[in-house]
Amino acid sequence: MNYKEVIEIINRSPFVSHIGLRIEEISDKESIVSLIIDDRHKQRLGMVHGGVIATMIDVAMGSLVTAVSGKASVSVEINVNYLSPASDGVIKAIARLNRLGKKIHYAEARVIDGKGNLIATATGIYYSLDSN
């Protein structure tokens with residue numbers, strides 16, 4: 001699977017489409033996932049729900065691991081630190097690969113808003129499946 005195919009497959013997946021996430025790019029070093037915030041993403045206080053941010057992070061890190069390893073990968077552990085709220089505009093999750101192993105991979109991500117403010121940081125561990 002090349003990087004373009006990974007982007008197309010994940011962008012077409014029902015859950016990713018339903019939430020409104022979009023993988024903008026994947027390279028050897030990073031992936032970028034964007035979201036245009038609307039009311040469906042907000043919790044009762046008007047801020048983006050933490051689950052939406054965690055999902056963005058998982059998609060960014062997981063798609064990067066899948067693209068670089070060439071194998072479908074699933075999350076084993078994700079640790080998210082929420083630093084400031086987001087409530088409108090576009091937010092982006094930028095993931096980087098820390099270590100690509102034979103089966104276990106380590107990544108990190110950050111979520112920023114349109115002004116470059118840091119919304120969240122995360123680390124993740126991913127496992128590559130034997131088949132795509």
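**Notebook: helix 3 and its surroundings**

I began with the helix pair: the axes of helix 1 (residues 3-12) and helix 3 come within 9 Å of each other and cross at roughly 140°. I note that this is a predicted model. I then looked up the handedness, and helix 1 passes helix 3 in a right-handed crossing.

Next I listed the residues that make this contact. Helix 1 contributes Tyr3, Val6 and Ile10, while helix 3 contributes Val59, Ser63, Thr66, Ala67 and Val68.

I went on to Ser63, which lies in helix 3 (residues 50-69).

I turned to the largest nonpolar core, which has 34 residues. I recorded Leu21, Val33, Ile53, Ile57, Ile91 and Val111 as those with the most contacts inside it. Among the elements that each supply at least two residues of this core are helix 1, helix 2 (14-19), strand 1 (21-26) and strand 4 (90-100). Which element gives the largest share of this core? I found that helix 3 does, with 10 residues.

Last, I checked Ile57. Leaving out its neighbours within four places in sequence, I have Ile57 in contact with Ile78, Val80, Ala93, Ala109, Val111, Ala120, Ala122 and Tyr126.

Terms used: Residues numbered from 1 in each chain as written. Predicted model: local features only at pLDDT ≥ 70, side-chain atom pairs only at ≥ 80, totals over all residues. Heavy atoms only, no water. Helix = DSSP H or I, 4+ residues; strand = E, 2+ residues; numbered from the N terminus. Axes fitted to C-alpha atoms, helices over the stretch in contact; angles between N-to-C directions. Left-handed = near helix turned anticlockwise from the far one by under 90°. Contact = heavy atoms within 4.5 Å. Core = buried A, V, L, I, M, F, W, Y, C linked by side-chain atoms within 4.5 Å. Buried < 20%, exposed > 50% of the residue type's maximum accessible area, 1.4 Å probe, protein only.
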